[in-house]
Amino acid sequence: MSWLFPTLWWYVATLIATIACLPLTLFLFRRAMGQGAAFARPIAMLLTIWPVWMISSVLGFTGSWSSILLWAFLLATGIVGWIQVSRRKLFYIENLYHFVVAELVFLAVFIAALWFRGYGPQAADTEKPGELMMLSCAM
């Protein structure tokens, strides 16, 4: 069960990033049905991981500095975004259903991928070390 805590931590961290970047999704997709609920998580990952990776690689931050930079960026994005949403009245409670459904679909696909991955967890094939390197770069 050594995989359970890191998996839950990854899911919670991406959920926090999704909630922090939700205002931008609401703004970009304000005229779309459901206000772009399915795009909330990809936009959150793009807007949080890419700037932190770029700043870390240019300035040479490693280890805990990257984590501090990531959480600071998420906090700033969330505060500024939710202030803008409350001022512009972009969030409607009836559209919350779309975000919950999109999150449940993601969770179902995530659990299915995790279950499927459990059939071959060893890092022996040529593709798995590459996957592990890419995952360790993203964390």
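Colleague: Which residues make up the largest nonpolar core?

Modeller: In this predicted model, seven residues build the largest nonpolar core: Leu22, Leu26, Ala37, Ala40, Val85, Leu90 and Phe99. Setting aside residues up to four places away in sequence, Phe99 touches Leu22, Leu26, Gly34, Gln35, Ala37, Ala40 and Phe91. Apart from that core lies another one of six residues, including Ala17, Ala20, Ala44 and Met45.

Colleague: Let's move to the helices. How do I read a packed pair?

Modeller: Two packed helices are described by the angle between their axes and the distance between the axes. Take helix 1, residues 4–28, and helix 4, residues 96–117: their axes come within 13 Å and cross at roughly 150 degrees. An angle over 145 degrees counts as roughly antiparallel, so helix 1 is roughly antiparallel to helix 4. The crossing of this pair is right-handed.

Colleague: Which residues of helix 1 and helix 4 meet?

Modeller: From helix 1 you have Thr7, Trp10, Tyr11, Leu15, Leu22 and Leu26, and they meet Phe99, Glu103, Phe106, Leu107, Phe110 and Leu114 of helix 4. Sorted by class, that contact holds ten nonpolar residues, one polar and one charged.

Colleague: And where does helix 3 come in?

Modeller: Helix 3 covers residues 64–88, and its axis and that of helix 1 come within 8 Å, crossing at roughly 35 degrees. Here the crossing is left-handed. On the helix 1 side the contact includes Trp9, Ala13, Ile16 and Phe27, while helix 3 brings in residues including Trp71, Leu74, Gly78, Gly81 and Arg88. The classes come out as 15 nonpolar, three polar and one charged.

Colleague: Is Thr18 buried or exposed?

Modeller: Thr18, which sits in helix 1, has a relative accessible area of 6%. Buried means under 20%, so Thr18 is buried. Leaving aside neighbours within four places in sequence, Thr18 is in contact with Ala40, Arg41 and Ala44.

Colleague: How do helix 2 and helix 3 cross?

Modeller: The axes of helix 2, residues 40–59, and helix 3 come within 10 Å and cross at roughly 140 degrees. That angle makes helix 2 oblique to helix 3. Helix 2 passes helix 3 in a right-handed crossing.

Colleague: What do the two helices bring to that contact?

Modeller: Leu47, Thr48, Pro51, Val52, Ile55 and Ser56 of helix 2 meet Ser66, Leu69, Leu70, Phe73 and Leu74 of helix 3. Split by class, there are eight nonpolar residues, three polar and no charged ones.

Technical notes:
Residues are numbered from 1 along each chain as its sequence is written. This is a predicted model: local features need pLDDT of at least 70, side-chain atom pairs count only at pLDDT 80 or more; totals for chains, interfaces and linings use all residues. Side-chain values use heavy atoms; hydrogens and water are left out. Axes are lines fitted to C-alpha atoms, for helices over the stretch in contact, and angles run from 0 to 180 degrees between N-to-C directions. Helices (H or I, at least four residues) and strands (E, at least two) are DSSP runs, numbered from the N terminus. Angles under 35 degrees count as roughly parallel, over 145 as roughly antiparallel, 65 to 115 as roughly perpendicular and the rest as oblique. A crossing is left-handed if the near helix is turned anticlockwise from the far one by less than a right angle, and right-handed if clockwise. Contact means heavy atoms within 4.5 Å. Ala, Val, Leu, Ile, Met, Phe, Trp, Tyr, Cys and Pro count as nonpolar, Asp, Glu, Lys and Arg as charged, and the others, Gly among them, as polar. A nonpolar core is a set of buried Ala, Val, Leu, Ile, Met, Phe, Trp, Tyr and Cys residues joined through side-chain atoms within 4.5 Å. Buried means under 20% relative accessible area, exposed over 50%, partly exposed in between (1.4 Å probe, protein chains only).
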